[in-house]
Amino acid sequence: MTGLAVRDLHVTYPGTPPVEAVRGVSLDIAQGETLALLGPSGCGKSSLLAAVVGIVDASGGSVAWDGEDFARVPVHQRGFGLVFQDGQLFPHLTVGANIAFGLEMSGVGRAARAARVDELLALVGLEGLRDRGVTELSGGQRQRVALARSLAPRPRLLALDEPLSSLDADLRSRLAVEVRDILRAEGMTGLLVTHDPAEAEVMADRVMRMADGRLA
Ligand code: ADP
Ligand code: MG
């Protein structure tokens, strides 16, 4: 068993009444494959993704990688990367420092960091912008930085939560193709969630639909 295996995953938020955001989802993603979950706002996509990555606790079910149960493995040891809709870059850091951030956290030395940053700048087409502040970038450039930052530590799986939804339609369709090519070039395993059918179709090898907390 290689890759991601999600079994009967549940996410319930406390409250009166509790919100059952994810109600028994099972799916597999093979190594090197990108799966898109397509569904309307509120159907539980972000909750599912957050439980897979480990930033939200599942209330039931399991998440495993290469057959290893990740229930007790904390977020930073899962080796999963995450890209959000609005990038969530560190505004006070340069492009290069944003991309290097995860590498620095995991103790990669200065020279190796610099080399990997250059590699990623080339990969996402931002050569020459290493020392630019991220507040001086366009929306599309910011999302490229977010992608580069997530890819830098070579995650075993990249989770993308509506990564292009904040961009205008024209840029969105161009970047969808680019991101797909980048994920393929890196041999990345991907879990994309989106409400945009075109984005799902372009970026993923396989599309599953989600509605009301379940796969449809
Ligand atoms: P999607 O990403 O598909 O829009 P979400 O996973 O964000 O869906 O939300 C699924 C359901 O869970 C919604 O009803 C939403 O209001 C609810 N929800 C999401 N996050 C929380 C939270 N932190 N606390 C309580 N309810 C939440
Ligand atoms: Mg969402």
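Axes here are lines fitted to C-alpha atoms, for helices over the stretch in contact, and angles run from 0 to 180 degrees between N-to-C directions. Helices (H or I, at least four residues) and strands (E, at least two) are DSSP runs, numbered from the N terminus. The model is predicted: local features need pLDDT of at least 70, side-chain atom pairs count only at pLDDT 80 or more, and totals for chains, interfaces and linings use all residues. Residues are numbered from 1 along each chain as its sequence is written, chains are lettered from A and ligands numbered from 1 in the order in which they are written, and side-chain values use heavy atoms, with hydrogens and water left out.

Two packed helices are described by the angle between their axes and the distance between the axes. Helix H3 (residues 95-105) packs with helix H5 (residues 139-151) at an angle of about 30 degrees, the axes being 7 Å apart. Angles under 35 degrees count as roughly parallel, over 145 as roughly antiparallel, 65 to 115 as roughly perpendicular and the rest as oblique. H3 and H5 are therefore roughly parallel to each other. Their crossing is right-handed, where a crossing is left-handed if the near helix is turned anticlockwise from the far one by less than a right angle, and right-handed if clockwise.

H3 also packs with helix H4 (residues 110-123), at an angle of about 125 degrees and with the axes 9 Å apart. That makes H3 oblique to H4, and the crossing of this pair is right-handed. H5 has a further partner in helix H6 (residues 169-185): their axes come within 11 Å and cross at roughly 20 degrees. H5 is therefore roughly parallel to H6, and H5 passes H6 in a right-handed crossing.

The ligand comes next. Ligand 1 is surrounded by Tyr13, Val19, Ala21, Pro40, Ser41, Gly42, Cys43, Gly44, Lys45, Ser46 and Ser47, a residue being near a molecule if one of its heavy atoms lies within 4 Å of it. Strand E2 (19-29) and helix H1 (45-53) each supply at least two residues of this shell, and the largest share, three residues, comes from H1. The shell divides into five nonpolar residues, five polar and one charged; Ala, Val, Leu, Ile, Met, Phe, Trp, Tyr, Cys and Pro count as nonpolar, Asp, Glu, Lys and Arg as charged, and the others, Gly among them, as polar.

An oxygen atom of ligand 1 lies 2.7 Å from a backbone N or O atom of Gly42. Polar side-chain atoms of Lys45 and Ser46 each lie 2.8 Å from an oxygen atom of ligand 1. Taken alone, ligand 1 exposes 560 Å², of which the protein buries 57% (Shrake-Rupley method, 1.4 Å probe).

Two backbone details remain. Most residues other than glycine have a negative phi, and most peptide bonds are trans. Asp8, in strand E1, has a positive phi near 45 degrees. The peptide bond from Thr16 to Pro17 is cis, with omega near -5 degrees, and Pro17 sits in the loop between strand E1 (4-13) and E2.

How values were computed. A polar contact is a pair of N or O atoms within 3.5 Å; within protein, one must be able to donate a hydrogen and the other to accept it, and residues adjacent in sequence count only if both atoms are side-chain atoms.
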